[in-house]
Amino acid sequence: CNTCYNLENSGGTSMRQNMNAQFSHKFTNVDTTHPDGTVDKVDMAYMDIRFSNICNFKCRSCGPTFSSQWKDEWEQLYTGGTWPRITRVKNTLEEVWEDIETWIDTVENIYFAGGEPLIMDEHYKILEYLIANNRTDINISYNTNMSTLAYKKYNLIDLWQNFKNIRIDASLDGYGKHAEYIRAGTDWNQIEKNIEHIKLHCPNIVLSISCTVSIYNAFHCIDFIKYCIDKKFVDYGDMININLVQFPELLNTQVLPIHLKNQVVEKVNKYIQDDIPEYNTSLLKNNLRMYQKFLLDQNIDKFDEFVGWTKKLDEIRNENVIDILPEIKDLIDDR
């Protein structure tokens, strides 16, 4: 709960608030709840589905809980422990489907996340069921790394064209070398092609960008927002959402020294005042103001921990944080 309340206190809109707004028509269901917490009929409206941690990326703000690619490096970073490569909610596709089938005929919204949902068998079984049973009017939303539009025998464009209401929140934190450093596994040229392909062939899809802001892109998220608008990846800038890393805490932007925070705040201010296109509404501005407030709300004394962790991961991956974050070069060299 603190994650939502912290975000709200910084001026952002939390999942708690979004859900209350989206499902306000279900509030009266509370009246049918018995004193012991049971109900006579479960009218499930929303499914948040994360079948497993199967993923083709190993993003720096992630870990083995949500990415199967992280296992080996995690065990190198944190010696003395082991981690399963793949974790699933059920052992087999059939077991998963037994649970899903119970509720799928009343569901109004399905949200797919992961891991990477577009490389999971369960995701395609659900889409096929919905198409076969004329449930193509429900709302479907995704968080996806946008790395692929094809899986085994499936062409996603062909499947998506059957649905009326699809929203894709593309998990992208930068472009070019920034994207490939922060979200290891990224081929930025391929990501751009996939976005362009969706916009060309699936006008039924609302495409937004979900930018996770950590220390790694604290200085450059503004450049990324400009890039996405200039390239017309989104229809307008308000379709770019900002998610602030709170955990792992050492990647939280509040870890930055105050003089660097002030530089970020100044850059954000300049963009708000001089560069946000007039056709945008207030949402993008509010998100950026929230980011500024969050930065300055508190100081977390973990910059040395961030440096040590980053250097160790850079060594494992044969990368160098200074290539994408030259603003901290002097501080890195001193440690």
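This is a predicted model: local features need pLDDT of at least 70, side-chain atom pairs count only at pLDDT 80 or more; totals for chains, interfaces and linings use all residues.

Me: Which residue forms an aromatic pair with Trp 160?

Reply: Tyr 142 does, and the pair is edge-to-face. The ring centres are 5.5 Å apart, with 65° between the planes.

Me: Where do Tyr 142 and Trp 160 lie?

Reply: Tyr 142 is in strand E4 (residues 139-144), and Trp 160 is in helix H6 (residues 156-160). The pair therefore ties together parts that are 18 residues apart in sequence.

Me: Is Tyr 142 buried or exposed?

Reply: Tyr 142 is buried, with 0% relative accessibility.

Me: How many aromatic pairs does the structure hold?

Reply: It holds 17 aromatic pairs. There is also an aromatic cluster made of Trp 70, Trp 74, Tyr 78, Trp 83 and Trp 309.

Me: What lies over the face of Trp 70?

Reply: Arg 317, at 5.0 Å from the ring centre. Elsewhere, the charged end of Lys 125 sits over the ring of Trp 97, 5.0 Å from its centre.

Me: Switching to salt bridges. How many are there?

Reply: The count comes to 21 salt bridges. One of them joins Glu 75 and Lys 71, with the closest N and O atoms 2.7 Å apart.

Me: Where do Glu 75 and Lys 71 sit?

Reply: In helix H3 (residues 71-77). They are four residues apart, so about one helical turn separates them. Lys 71 counts as buried, at 17% relative accessibility.

Me: Which salt bridge links distant parts of the chain?

Reply: Lys 231 with Glu 192, at 3.9 Å from N to O. Lys 231 is in the loop between helix H9 (221-230) and strand E10 (240-244), while Glu 192 is in helix H8 (residues 188-201). They are 39 residues apart.

Me: And how accessible is Lys 231?

Reply: Lys 231 is partly exposed, at 37%. Glu 192 is buried, at 10%.

Me: What about Lys 329, which residue forms a salt bridge with it?

Reply: Asp 333, with the closest N and O atoms 2.8 Å apart. Both lie in helix H13 (residues 329-333). Lys 329 is partly exposed at 38%, and Asp 333 is partly exposed at 48%.

Me: Which residues are linked in a network of salt bridges?

Reply: Lys 26, Asp 43 and Glu 108.

Me: Last one. What does Gln 292 touch?

Reply: Leaving out residues up to four places away in sequence, Gln 292 touches Val 265, Val 268, Asn 269 and Ile 272. Gln 292 lies in helix H11 (residues 282-297) and is buried, at 7%.

Key. Residues are numbered from 1 along each chain as its sequence is written. Side-chain values use heavy atoms; hydrogens and water are left out. Rings of Phe, Tyr and Trp (its six-membered ring) pair if their centres lie within 6.5 Å; planes under 30 degrees apart count as stacked, over 60 as edge-to-face and the rest as tilted. Helices (H or I, at least four residues) and strands (E, at least two) are DSSP runs, numbered from the N terminus. Buried means under 20% relative accessible area, exposed over 50%, partly exposed in between (1.4 Å probe, protein chains only). A charge sits over a ring if NZ of Lys or CZ of Arg is within 6 Å of the ring centre and within 35 degrees of the ring normal. Contact means heavy atoms within 4.5 Å. A salt bridge is a side-chain nitrogen of Lys or Arg within 4 Å of a carboxyl oxygen of Asp or Glu.
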